[in-house]
Amino acid sequence: MLVLLPPSETKSDGGTDVPLDLDALSMPQLTAVRDRLIDEVTKLATDPDASRAVLDLGKGADLEIARNAALRTSPTRPALERYTGVLYDALDARSFTKVQRAKAYARLGIGSALFGAVRASDPIPAYRLSGGSKLPGLPTLSAVWRESLPEALLAEAAGELVVDLRSGVYQQLGRVPGAVTANVLTEHPDGSRTVVSHFNKHHKGLLARALVLSRAEPTDVRGLARVAAKSGLKTEIASPTELLILT
């Protein structure tokens, strides 16, 4: 089972003194595109005003620009520890035992505008690049990744179930045919259902945690629903490739 998480805009600082080594990352089919994007992002960082415009940064974003300028030399840490925010708070990887962390490394992947996708164990630096960004002189990031990312993800899944928890903009970078998606809906007293961003991220984090901790190896949406239900999540199967989480 391969569970694909979305990245986050917020990243943790620090890490080990070992700089980024593209050859050490999973999915080596993506190395050439990663290398090209890193060149473009570091080049963009030499122009703070252009960086703020392209990356939709506020005036107080000097740290984000500095991170991009030092992509090839700054400290790295496992992607599971690099990304922060609502989903990752719910995943709560800090509470994993050694065995559970090994399962997280084996089961979790994370989408990325800069790297395409990485495994949870891949050592990466802090950076700022969103899936909807458009770098000068390049097509959209979905066009940049379209040819290589879907094939790389399919190869990484090796025929096992893919649970795609990425947001829409990151799914567009590289869709995985047959993947099961999960959508979070809030039920109201009148029976209506709506999507709420905060709860979406939180409950996807809870589902990812359940999939890491489970001894089961789901092979379809029904197995996925059973794991979710055992963790206390209320679910509904919408189709063979869509699970609803109801709050």
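User: Which residues does Arg 119 touch, not counting residues up to four places away in sequence?

Analyst: This is a predicted model. In it, Arg 119 touches Leu 2, Ser 26, Met 27, Ala 79, Tyr 105, Ala 106, Arg 107, Leu 108, Gly 109 and Glu 156. Arg 119 itself sits in strand 4, residues 116-119.

User: Is Arg 119 buried or exposed, and what makes it so?

Analyst: Its relative accessible area is 11%. Buried means under 20%. Arg 119 is therefore buried.

User: Met 27 is on that contact list. Where is Met 27 placed, and how do you know whether it is buried or exposed?

Analyst: Met 27 is in the loop between strand 1 (2-5) and helix 1 (31-44). Its relative accessible area is 3%. The cut-off for buried is under 20%, so Met 27 counts as buried.

User: What is the phi of Met 27?

Analyst: It is near 55 degrees. That is a positive value in a residue other than glycine.

User: Is Asp 56 buried or exposed, and why?

Analyst: Its relative accessibility is 67%. Exposed means over 50%, so Asp 56 counts as exposed.

User: How do helix 2 and helix 3 pack, and why is the arrangement given the name it has?

Analyst: Helix 2 (residues 48-55) and helix 3 (residues 62-69) pack at an angle of about 100 degrees. Their axes are 10 Å apart. Angles of 65 to 115 degrees count as roughly perpendicular, so helix 2 is roughly perpendicular to helix 3.

User: Which residues make that contact, and how do they divide by class?

Analyst: Helix 2 supplies Pro 48, Ser 51, Arg 52 and Leu 55. Helix 3 supplies Asp 62, Ile 65 and Asn 68. By class, there are three nonpolar, two polar and two charged residues.

User: Where does Arg 209 lie, and what makes its approach to Asp 92 a polar contact?

Analyst: Arg 209 lies in helix 10, residues 197-213. Its side chain reaches the backbone oxygen of Asp 92 at 3.2 Å. The limit for a polar contact is within 3.5 Å. Arg 209 is also in contact with Ala 90, Leu 91, Ser 95 and Phe 96, among residues beyond four places in sequence.

User: Is Ser 142 buried or exposed, and how do you know?

Analyst: Ser 142 has a relative accessible area of 18%. Buried requires under 20%, so Ser 142 is buried. Ser 142 lies in helix 7 (residues 141-145). A polar contact of 3.0 Å joins its side chain to that of Thr 140. Ser 142 also touches Gln 172 and Leu 173.

User: Why is Gln 172 called partly exposed?

Analyst: Its relative accessible area is 48%. Buried ends under 20% and exposed begins over 50%, with partly exposed in between, so Gln 172 is partly exposed. Gln 172 is in the loop between helix 9 (168-171) and strand 7.

User: What makes Gly 191 exposed?

Analyst: A relative accessible area of 54%. The cut-off is over 50%, so Gly 191 is exposed. Gly 191 is in the loop between strand 7 (180-187) and strand 8 (193-194).

Key: Residues numbered from 1 in each chain as written. Predicted model: local features only at pLDDT ≥ 70, side-chain atom pairs only at ≥ 80, totals over all residues. Heavy atoms only, no water. Axes fitted to C-alpha atoms, helices over the stretch in contact; angles between N-to-C directions. Helix = DSSP H or I, 4+ residues; strand = E, 2+ residues; numbered from the N terminus. Parallel < 35°, antiparallel > 145°, perpendicular 65-115°, else oblique. Contact = heavy atoms within 4.5 Å. Nonpolar A, V, L, I, M, F, W, Y, C, P; charged D, E, K, R; others polar. Buried < 20%, exposed > 50% of the residue type's maximum accessible area, 1.4 Å probe, protein only. Polar contact = N/O pair within 3.5 Å; in protein donor to acceptor, adjacent residues only side chain to side chain.
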